[in-house]
Amino acid sequence: MTIRHTRRVFLSAATMMAAALAATACGSPQDTASGGGDAAPVKVGLVYSQSGPLASYGKQYIEGFKAGLDFATKGTGKVGDRKIEVTEADDAGDPAKAVSATKDLIGKGTKIIAGSTSSGVALQVAPIAAQNKVLFISGPAATDAVTGANKYTFRSGRQSWQDVVTAKSFIGDAAGKKVVVFAQDGAFGDANEAAVKAVIGGAGATVSSVRAPASATEFTPFASQIKAAKPDLLFVAWAGTTAGAMWQTLDQQGVLASTTVVTGLDIRASWPTFGAAGSKISFLSHYFDGASDTEAAKAAKAKVAGGTLDLFHPDGFAAAQMVVRAVQEGGDDVDKMIKALEGWEFEGVKGTMKIRAEDHALLQPMYQAKLSGSGTAFTATAQKTLTGDESAPPVAQMKG
């Protein structure tokens, strides 16, 4: 686990002594001012994937957070006269490391924790937040279980239900439609099949699946099964290095020409994987550069290296906006922070965002997208934008 501070404070020996004496007299760093006369900083811990399999997602998250903090504080990095002091911790996608880092930060007086690139991490950190009565704002982690986990847990990104509802929008009224899920065997495939059955099957569609071993390299037999099923919608959930070969086979076997094929649009670096099939697929999208033209999006583009936004920049940006809101309204009182966030509506990178008070779901726009061009020259464009209400998941019961 690696922890580093994004803010450095340089104090003279005399100032350090004065600060130490003040802390000793008052007993709590939250109640003291530094020897320089500034109010005590607000400690925020970001526990996310700086390394590991989701490091590319984590990189976008932290870039978005820094841009969002600059935007929300108008370039000051402060709420009132209090500096937002951010400490970053690398969980490497490992829940045990995330829990350890979170407990360490809480032990040092941190009352706001954010991050969680991985769903597995988010589900382990949420109970820690509740046990210690600190605010937790999960990041790109998409599992639906974060919503309603407990009153201390919020999210700054979308959840799986919103992805699948966006996929459903490609066929309109689902009643009487045939949907096939094509996925690999294993937990990832199971989760996606279950979500499609709940969302699209629950709306009246007949949902079946074609599953392939994760080790499969020959996809013609699976393409034949899909064509024989004659679905109105093929939902593809695939991960790993065989994706290129899989898409090529579906294209060559005529699957892409025979039905509406929908899958999620991942980060830009993955787009060349689609090859010639890219322009024939319908994509559900959480975000891509150009999907919105909000003031927040413009501000984020101005701060992100290269000026191009990607899938998880909005999650980091929204997290920073939520942190600033919580501190502005709640100070160091976590219960007041929670009340300030519940029901809050704000303009984020994607547009209008609303934190649903009942379960802390983050209602937000979602997108139908298409790719044009090829390979590294693919360009994404929005075909339709679903509003936060149109993509809203059902209200979850708050667990604690």
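Tutor: A salt bridge here is a side-chain nitrogen of Lys or Arg within 4 Å of a carboxyl oxygen of Asp or Glu. This is a predicted model, in which local features need pLDDT of at least 70 and side-chain atom pairs count only at pLDDT 80 or more, while totals for chains, interfaces and linings use all residues. Residues are numbered from 1 along each chain as its sequence is written, and side-chain values use heavy atoms, with hydrogens and water left out.

Student: How many salt bridges does a search of the whole structure find?

Tutor: Side chains of opposite charge can pair when their charged atoms come close. Searching the whole structure for such pairs gives a total of 15.

Student: Which residue forms a salt bridge with R82?

Tutor: R82 is buried, with 14% relative accessibility (buried is under 20% relative accessible area, exposed over 50%, partly exposed in between, with a 1.4 Å probe and protein chains only). The partner's closest O atom is 3.2 Å from the N atom of R82. That partner is D332.

Student: How many residues apart in sequence are the parts that R82 and D332 tie together?

Tutor: R82 and D332 form a salt bridge. R82 belongs to strand β4, whereas D332 is in the loop between α11 (313–330) and α12 (334–341), so the parts they tie together are separated in sequence by 250 residues. Helices (H or I, at least four residues) and strands (E, at least two) are DSSP runs, numbered from the N terminus.

Student: Is strand β4 largely enclosed or largely open?

Tutor: Strand β4 covers residues 82–90. Of its 9 residues, 8 are buried, so β4 is largely enclosed by the rest of the structure.

Student: What is the bridge partner of K78 in β4?

Tutor: Strand β3 (residues 78–79) runs antiparallel to β4, with 2 bridges between them. The hairpin of β3 and β4 has 2 residues between the strands, and G80 there takes a positive phi near 65 degrees. The partner of K78 is K83.

Student: Which residues join R211 in one salt-bridge network?

Tutor: R211 forms a salt bridge with D190, with the closest N and O atoms 2.8 Å apart. R211 lies in strand β9 (residues 206–212) and D190 in helix α6 (residues 187–199). Through shared partners, R211 is joined in one network with D185, D190, E193 and K197.

Conventions:
Two strands pair if DSSP finds at least two bridges between them.
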